[in-house]
Amino acid sequence: MAQAVSTPSPTAARTILYREALNEALREEMQRDASVFLMGEGIAERGGSYKVTVGLLSEFGQSRVIDTPISEASFVGAGVGAAIAGMRPVVEILFVDFTLLAMDQICNQAAKFKFMTGGKGRVPLVIRTQGGAGNGLAAQHSQSLEALFYHIPGLRVAVPSDPYDAKGLLKTAIRLDDPVVFIEHKSLYMTSGAVPRDEYLVEFGKGRIRRAGRHATVIAWSNMIPRCLTAADRLAGEGIEVEVVDPRTLVPLDLELVLGSVRKTEHVVIVQEAVRRGGVASDIASRIQAEAFDFLDSPIEIVAGLDTPVPFNLNLEKACVPQEEDVIRAVKRAVYAK
Amino acid sequence: MLSGHPSGFLAGLYRTLYTIRHFETECIKLYRDGFIRGYFHPYLGEEAIAAGACAALRRTDFITSTHRGHGHCIARGADLRSMVAELLGRSTGYCQGLGGSMHIADVAAGNLGANGIVGAGLPIGVGSALASKLRGDDRVTVVFLSDGAVNNGVFCESLNLAATWSLPLVLLIENNQYAVSTPVEQATREPELYRRGGAFGVSSHQIDGNDVLAVYEKVKEACGACREAAGPVLVEAKTYRHGGHHVNDPGAYMPKDRLDYYKSRDPVERGRRILLQSGVPEEDIRLLESQIERTMEEAIEFAKGSPEMSTEEFVKFVEAY
């Protein structure tokens, strides 16, 4: 696993976009290690659909920034093979929805190779992708599918919610010897935040308290974090102090951080954009009740997407995905406030 | 007919052919006696493809294998003790008993793994070939695949990627004419599988997969092309299984006359005949065979005497999962 967590030093930080932070992570790791290379659809000259790989082609050349045909199963598999053969590929899949075309290579090959070889084989592969709703992209370009990868032993799953974590987690992901599914959020690319000028890493399995509070614990990740932070501000105005916990990686999961907060607040709300059924929130809830049942003062609330494909119509899309008001209502139910 | 190859080389080929044949025959007995569990897909009848192809490779080259992969491992120089131990699920096996027959890999020896998913080795081979190209080394990857795999989507994708990127990749189709039990001519309108390569701009060839020298020569030529950046190359080696899909499939759907025809062209017997014709005396061949039999006996003893990973060790092994 990776090295120590650094925290942003305000003096040396500047404000950059989430997509710029990711770009910096790729650039720094490619400068540092010649075995790192990128593959994906339209990532070279075009710089990627969300401009994450802009400028990397001119700096590193076409042998390290490779445009692929629309062949997800095979270029992800090529990433697996190159990783086994000693490279550190970062493969971009345009939408998390398209990872479904490559599930054999991700779940049967990358995830299991080290295990099946009795620990001898390694697959230092990063699969960068993005998910989530918010732009009217409809049912096949708006899903939140982290639960699929969370379910498969052998994969690491990162879900960064701001530029600082995006950069630090991606740099760590590239250095890990296990396959990582790195899920960005399309609505976060143009959000900004403080990122240090100096190099830093964010360790997998170490969550972050995004806001301290004593009345209720809200656990969320990715694009639900900004939404929960805004909800927490509004609740603070009503005297309810919410603690917002961002696990940052779902595998490994920082259960200790979660449980520490739960023991303090005794009320829990878990917020995920993904559909409720079979989701990560349900699993975290089951772990909390198993480990901290005696501390709970109310049933665990889950705020999740509706169990439906995401509709195109913007109003209906909004209705399918947790909003600030949903979080506020759930927190109030949890703390028995009106 | 003399092959033109030195008898030492021919003896090496025959050693591989006979080792695979004997390994499979003995392991099937172990299976029948309950020592080996799970799926077991014998390579009997197809030995010349692995033996010929791997003889054409350098130690630094890569292969990817299939669910019918014991022959590829052996031809790539696998240690028989670790192989039998793996089939018996012992901790001294290649994968500590966690992989089994369908998942033996030996990355250090360039064997990137057998595979339980038909066709899945193709993209992985594209990846190792890509790694070679990016590093600028001259390693070639040979992907062993089946007539079943050519009808999986990744065949088209991977062939196209390898061609587009001019990768040092040899796609070696072991056309044993059945995908499990479905005859190849029922699974495609064009059963001459090598013809598919032309549509992707890939140099493509068909050979007798029961002729070890034909395989060796064609794969050597293909590897040479790959090392000169003229890859990829597709080779279809026609062959036939000596039995069903796995040890518990009697293969009742395989017509007797066809099976007899291919058995009359048995790759191991043909390899032996070539060796005899090169001037190696019968008793020397018999000596070689008995050495292999003795090595296999020792491997079986070793495997049977080896421990299994304990549950406690397993729990520790998977801690990070």
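Modeller: In chain B, 76% of the contacts with a separation of 6 or more are between residues 24 or more positions apart. Two residues are in contact if their C-beta atoms, placed from the backbone, lie within 7 Å. This is a predicted model: local features need pLDDT of at least 70, side-chain atom pairs count only at pLDDT 80 or more, and totals for chains, interfaces and linings use all residues. Residues are numbered from 1 along each chain as its sequence is written, with chains lettered from A and ligands numbered from 1 in the order in which they are written.

Colleague: How many helices and strands does chain B have?

Modeller: Chain B has 12 helices and seven strands. These are DSSP runs, numbered from the N terminus: helices are H or I with at least four residues, strands E with at least two.

Colleague: What order do the strands take in the open sheet?

Modeller: The order in chain B is 1-2-3-7-6, five strands with parallel pairing. Two strands pair if DSSP finds at least two bridges between them.

Colleague: Which ones stand at the edges?

Modeller: Strand 1 (62-64) and strand 6 (203-208) of chain B; each has a single partner strand, so one side of each is left without a neighbour in the sheet.

Colleague: And strand 2, how many bridges to strand 3?

Modeller: Six, in the parallel sense, between residues 141-146 and 169-175 of chain B. Within that pair, B:V143 has B:L171 as its bridge partner.

Colleague: New topic. How many residues of chain B are in contact with chain A?

Modeller: 31 residues of chain B, with 31 residues of chain A. Helix 5 of chain B gives the most to that side, nine residues.
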